[in-house]
Amino acid sequence: MIQIRPVSDLRNKFPDIERIVNTGEPVYLTKNGYGAMVVLSLDMYSKLTDGVEAALDEADRMAEVDSRRMSHEEVFESLRRKIDAQ
């Protein structure tokens with residue numbers, strides 16, 4: 001179930017927030033009725049970002065050995081073709 005809490009709960013009910021995020025679920029925090037931030041466990045954050053970091057590291061390695069550069073149109077067209085092929 002989606003957990004939406006006021007940002008004040010982060011201060012006033014930290015143990016409750018911590019318990020929820022430690023189950024692997026995010027907690028969405030609002031300020032004045034509007035979305036303000038999302039709290040995740042370190043494990044969930046790592047799962048979200050590790051793949052991105054690895055891909056960026058690979059792109060950096062490839063750029064060091066290949067002088068060819070692609071425009072953003074070429075990159076996105078290539079990605080669209082790969083997605084459409086699935």
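**Exercise 1.** Is Asp16 buried, partly exposed or exposed?

*Solution.* Keep in mind that this is a predicted model. Start with the relative accessible area of Asp16, which is 28%. Buried would need a value under 20%, and exposed a value over 50%. Asp16 is therefore partly exposed.

**Exercise 2.** Find the residue that forms a salt bridge with Asp16, and say where the two lie.

*Solution.* First, look for the partner: Asp16 pairs with Arg19, and their closest N and O atoms are 2.7 Å apart.

**Exercise 3.** Work out how the salt bridge between Glu58 and Arg61 is placed.

*Solution.* Begin with the distance, 2.9 Å between the closest N and O atoms. Then turn to the helix: Glu58 and Arg61 are both in helix α3, 3 residues apart, about one turn of the helix. Last, take accessibility: Glu58, at 35%, is partly exposed, and Arg61, at 47%, is partly exposed too.

**Exercise 4.** Which residues line the largest pocket, and how do they divide by type?

*Solution.* List the lining: Ala55, Ala59, Met62, Ala63, Asp66, Arg68, Arg69 and Met70. Sorting them gives 5 nonpolar, no polar and 3 charged residues. To finish, note the volume of this pocket, about 270 Å³.

Conventions:
Residues numbered from 1 in each chain as written. Predicted model: local features only at pLDDT ≥ 70, side-chain atom pairs only at ≥ 80, totals over all residues. Heavy atoms only, no water. 1 Å grid on protein atoms, 1.4 Å probe; cavity = no way out; pocket = protein on both sides within 12 Å on 5 of 7 lines; lining within 4 Å. Points joined across faces, edges and corners; volume = space filled by probe spheres on them. Nonpolar A, V, L, I, M, F, W, Y, C, P; charged D, E, K, R; others polar. Salt bridge = Lys/Arg side-chain N within 4 Å of Asp/Glu carboxyl O. Helix = DSSP H or I, 4+ residues; strand = E, 2+ residues; numbered from the N terminus. Buried < 20%, exposed > 50% of the residue type's maximum accessible area, 1.4 Å probe, protein only.
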